[in-house]
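I'm opening my notebook on a structure that is new to me. I'll jot down what I looked up, one topic at a time.

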Amino acid sequence: MMPSLRARLLLWVLLPLAAFVFLTASQAYEAARETASLVQDNALLASARTIGEDVGWQDGVLVSDMPPAALEMFESPYGDRVFYKVATVDRLLGGSPDLPLPQRATGFPVFYDTTIDGEPIRAVAYQRHLYDSGRAYPVTVVVGKTEASREAMVRTLWRPQLIRQATMLALAVALVLIGLTKELRPLMKLKDDVADREPMELEPIRVAHLHSELRPIVDAINRCIARLKLHAARQRQFIADAAHQLRTPLTLLETQVQYACQREPVDPAVAEALSGIRRTSRNMIDMTNQLLLLAQVESDAPAAAQQPVDMAAVVSAALEELLAAALRRGIDLGAELGEGLLVAGNENLLGALVANLVDNAVRYTQEGGRVTAACRREDDTVILEVIDNGPGIPAENREHVFERFYRGRTDVEGTGLGLAIVRHIAQSHRGTVTLAPGPARVGLVATVRLPAWREADAAATAESEESA
Ligand SMILES: Nc1ncnc2c1ncn2[C@@H]1O[C@H](COP(=O)(O)OP(=O)(O)OP(=O)(O)O)[C@@H](O)[C@H]1O
Ligand SMILES: [Mg+2]
């Protein structure tokens, strides 16, 4: 995997900047060293000159009077040790005999690095000529000093620079990180928007305040979504056409079989075969309807047809449709409807949802049983419960029954698609469906929760109709 954009951009900024800081810091260090050397060397030379001034003749002999001021100028808090030496060609006039002279002296003064007692020192050798009866006597003055104060000076000159540069580097890192986090936010939001979409949501991505670099990506995604949408629309159209094409001959078949059954019974075997054909054709009609409904639900965008739908009316209509079947089986079918049962969605699909649940309850409950469809409002949720006192569904099967073509009982006719359709419709309306045992562990309660209609939905509907 590629390292994160943040890490890569940080490297792009940091590596050159760090190299630059390193380079300027080492240059600053050299400059500080040079300055410190210059200052210290000048002090050494001044001291050597002062000592040299005080060499003179006394009774025909050269003597050196060590002026205290000559070495006092080196007193420093760094505990430097100072050495000096005054010598003619053949005689030591004063100071430390151990102080080495420069190895090569081509012209005075000479600055050089040497050691004394193993300790590094910086020294200057300065020469002065004294005259006596026309002869010149060279006198060499050497002053040396340990390096502590020079190092301290380098540090004092260099450290503020280093601190400034390090602060700049830290600031650059912080700014890059903050800037990136802030600037990447629209991208992260875009990612969340795309990730949080419903599987069949085919609306274009709308992002306000998008960087110009991201705009083409969003446009490309939106073009892709538009193609998918077109494809989904074609598929929906195909399903609708197929439904129409299939239903017509099936209805015709049923009418023909019905007609044949009503004729004078001929042969009991033929009559039996006819009623078999009739049962099969009815199953085929049911199966076709359920299959087409499932295909429609699966290919539909969830936002399609977001109209206010009154669940009270939907439940009443579904019960009315199933009343005959309930009567046939001696089932007491009832409704309990509350107030404020508007939800946002598609009336036909919600009708199919209720019809499937009530149909199950009526179909699987024993004769003489009781089935109730109750709908009520709780805060922002409309809750529909279809309660029966039938055999219920064992806990281990309660998830499986939502699978397509899963059938619990084979003694009753069915296609095994009903609950798969119910769950799809509930989800496409941003709702849920759950199954649980009924009161006193008898029967089944199917509970559907749907978000209630809000004024905001009206605005969204108007907008989507405008854009469509
Ligand atoms: N109210 C209920 N009581 C007992 N069992 C139920 C009930 N509702 C569903 N079931 C069980 O769940 C299974 C799946 O139900 P589903 O509605 O998905 O399919 P179906 O009823 O068999 O076929 P379809 O509804 O497509 O005609 C059923 O076969 C049945 O065994
Ligand atoms: Mg069913």
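My entries follow, starting with the ground rules.

**Ground rules**

I'm working with a predicted model, where local features need pLDDT of at least 70, side-chain atom pairs count only at pLDDT 80 or more, and totals for chains, interfaces and linings use all residues. Residues are numbered from 1 along each chain as its sequence is written, chains are lettered from A and ligands numbered from 1 in the order in which they are written, and side-chain values use heavy atoms, with hydrogens and water left out.

**Ligand 1**

I went to the ligand before anything else. Which residues come nearest to ligand 1? I found N360, Y364, T415, G416 and L419, out of 21 residues around the ligand. A residue counts as near if one of its heavy atoms lies within 4 Å of the molecule.

Next I checked polar contacts, meaning pairs of N or O atoms within 3.5 Å; within protein, one must be able to donate a hydrogen and the other to accept it, and residues adjacent in sequence count only if both atoms are side-chain atoms. A nitrogen atom of ligand 1 sits 2.9 Å from an N or O atom in the side chain of D388. An oxygen atom of ligand 1 is 3.0 Å from a polar backbone atom of G418. At L419, a backbone N or O atom lies 2.8 Å from an oxygen atom of ligand 1.

How much of the accessible area of ligand 1 does the protein cover? I noted 96% of the 590 Å² that ligand 1 has on its own. Such areas come from the Shrake-Rupley method with a 1.4 Å probe, and for residues only the protein chains shown count as cover.

Two elements give two or more residues to this shell: helix 7 (347-364) and helix 8 (418-428). Helix 7 gives the most, with five residues. For reference, helices (H or I, at least four residues) and strands (E, at least two) are DSSP runs, numbered from the N terminus.

I also sorted the shell by residue type: eight nonpolar, nine polar and four charged. In this scheme Ala, Val, Leu, Ile, Met, Phe, Trp, Tyr, Cys and Pro are nonpolar, Asp, Glu, Lys and Arg are charged, and the others, Gly among them, are polar.

**Salt bridges**

How many salt bridges does the structure hold? I got 15, each being a side-chain nitrogen of Lys or Arg within 4 Å of a carboxyl oxygen of Asp or Glu.

One of them joins the side chains of E151 and R33, at 4.0 Å from N to O. This pair links distant parts of the chain, with E151 in helix 3 (residues 148-195) and R33 in helix 1 (residues 5-53), 118 residues apart. I looked up exposure too: buried means under 20% relative accessible area, exposed over 50%, and partly exposed in between (1.4 Å probe, protein chains only). E151 is partly exposed at 29%, and R33 is partly exposed at 25%.

D192 pairs with K191 at 3.5 Å, and D192 is partly exposed at 36%. R409 meets D411 at 3.4 Å; R409 is partly exposed at 32%, while D411 is exposed at 62%. I also noted a network of salt bridges linking D41, D113 and R122.

**A nonpolar patch**

L5, L9, W12 and V13 form a nonpolar patch on the surface, with about 410 Å² of accessible area together. Patches are made of residues with over 30% relative accessible area and no salt bridge; like charges are joined within 9 Å, nonpolar side chains (Val, Leu, Ile, Met, Phe, Trp, Tyr) within 5 Å. L9 lies in helix 1 and is partly exposed at 35%.

**Distances along the chain**

I picked two C-alpha pairs. T288 and L246 are 42 residues apart along the chain, and their C-alpha atoms are separated by 7.7 Å. Is T288 buried or exposed? T288, found in helix 5 (residues 268-299), is buried at 10%.

**Positive phi**

Last, I looked at two loops. D59 has phi near 55°, a positive value in a residue other than glycine. Its loop runs between strand 1 (55-58) and strand 2 (61-64), and D59 is exposed at 78%. D117 also has a positive phi of about 55° without being a glycine. D117 lies in the loop between strand 5 (110-116) and strand 6 (119-132), and is exposed at 61%.
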